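Here are my comments on the model you asked me to look over. Please read them with the coordinates open.

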Amino acid sequence: MYSIQANQSGTRHIKVSENHLETIKRYSLLKNLVDSHGIIDEDVLEKLRLNCRSILGSQNDIDKELMDVCLDVIYNTNMKAYGLHELVLLYIKWLEENN
């Protein structure tokens, strides 16, 4: 289990599990998410949320693991742009360790 800082002051954290990271990888949720400027802001977070909503809406059978990622991490009330930036950094580190 990993923990990412959700805000700059460090008062909020979000728990991220191996299953969450594997699901993010399986659905390529972070791929092509950030534009060429490389800045993660609230618009990028909203784009991720819309992508997840679209994937869930197009499935006949809802994937419980994707739903868990959405509820536990992406739609977490503490998730802000800073938290998404931390999630991306964790994901990159996790990929490097698991390849």
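The points below run from the whole chain to single residues.

1. Basis. This is a predicted model, in which local features need pLDDT of at least 70, side-chain atom pairs count only at pLDDT 80 or more, and totals for chains, interfaces and linings use all residues. Residues are numbered from 1 along each chain as its sequence is written, and side-chain values use heavy atoms, with hydrogens and water left out.

2. Confidence. pLDDT is the predictor's confidence in each residue, from 0 to 100. Its mean over the protein is 95. The share of residues that reach 70 or more is 100%. Helix α2 (residues 42–58) has the lowest confidence, at a mean of 95. Strand β2 (residues 13–16) has the highest, at 98.

3. Secondary structure. The protein has four helices and two strands. Both kinds of element are DSSP runs, numbered from the N terminus: helices are H or I with at least four residues, strands are E with at least two. The order along the sequence is β-β-α-α-α-α. The radius of gyration is 13 Å, close to the 13 Å from the globule rule for 99 residues, so the protein is as compact as a globular protein of that length. That radius is taken over C-alpha atoms, and the rule is 2.2 Å times the number of residues to the power 0.38.

4. Extent and contacts. The C-alpha trace spans about 40 × 25 × 25 Å along its principal axes. Contact means heavy atoms within 4.5 Å. Take the contacts between residues at least 6 apart in sequence: 64% of them join residues at least 24 apart.

5. The accessible surface is about 6100 Å². Carbon and sulfur atoms hold 48% of that surface. The areas come from the Shrake-Rupley method with a 1.4 Å probe; for residues, only the protein chains shown count as cover. Of the 99 residues, 37% count as buried. Buried means under 20% relative accessible area, exposed over 50%, and partly exposed in between (1.4 Å probe, protein chains only).

6. Charges. There are 11 positive and 15 negative charges, and their mean positions are 2 Å apart. Lys and Arg count as positive, Asp and Glu as negative; His and the chain ends are not counted. Each charge is placed at NZ of Lys, CZ of Arg, CG of Asp or CD of Glu.

7. Positive phi. Which loop holds S28? S28 lies in the loop between α1 (18–27) and α2. Its phi is near 50°, a positive value in a residue other than glycine. S28 is partly exposed, at 38% relative accessibility. N32 sits in the loop between α1 and α2 as well. N32 is not a glycine either, yet its phi is positive, at about 55°. N32 counts as exposed, at 62%.

8. H20. Is H20 buried or exposed? H20 belongs to helix α1 and is buried, at 8% relative accessibility. Beyond its neighbours within four places in sequence, H20 contacts K15, D68, V69, D72 and V73.

9. E46 is in helix α2 and is partly exposed, with a relative accessible area of 36%. E46 and I74 are 28 residues apart in sequence, with their C-alpha atoms 9.6 Å apart. N51 is in helix α2 too. N51 is partly exposed, at 32%. From N51 to L33 the separation is 18 residues in sequence and 9.4 Å in space, C-alpha to C-alpha.
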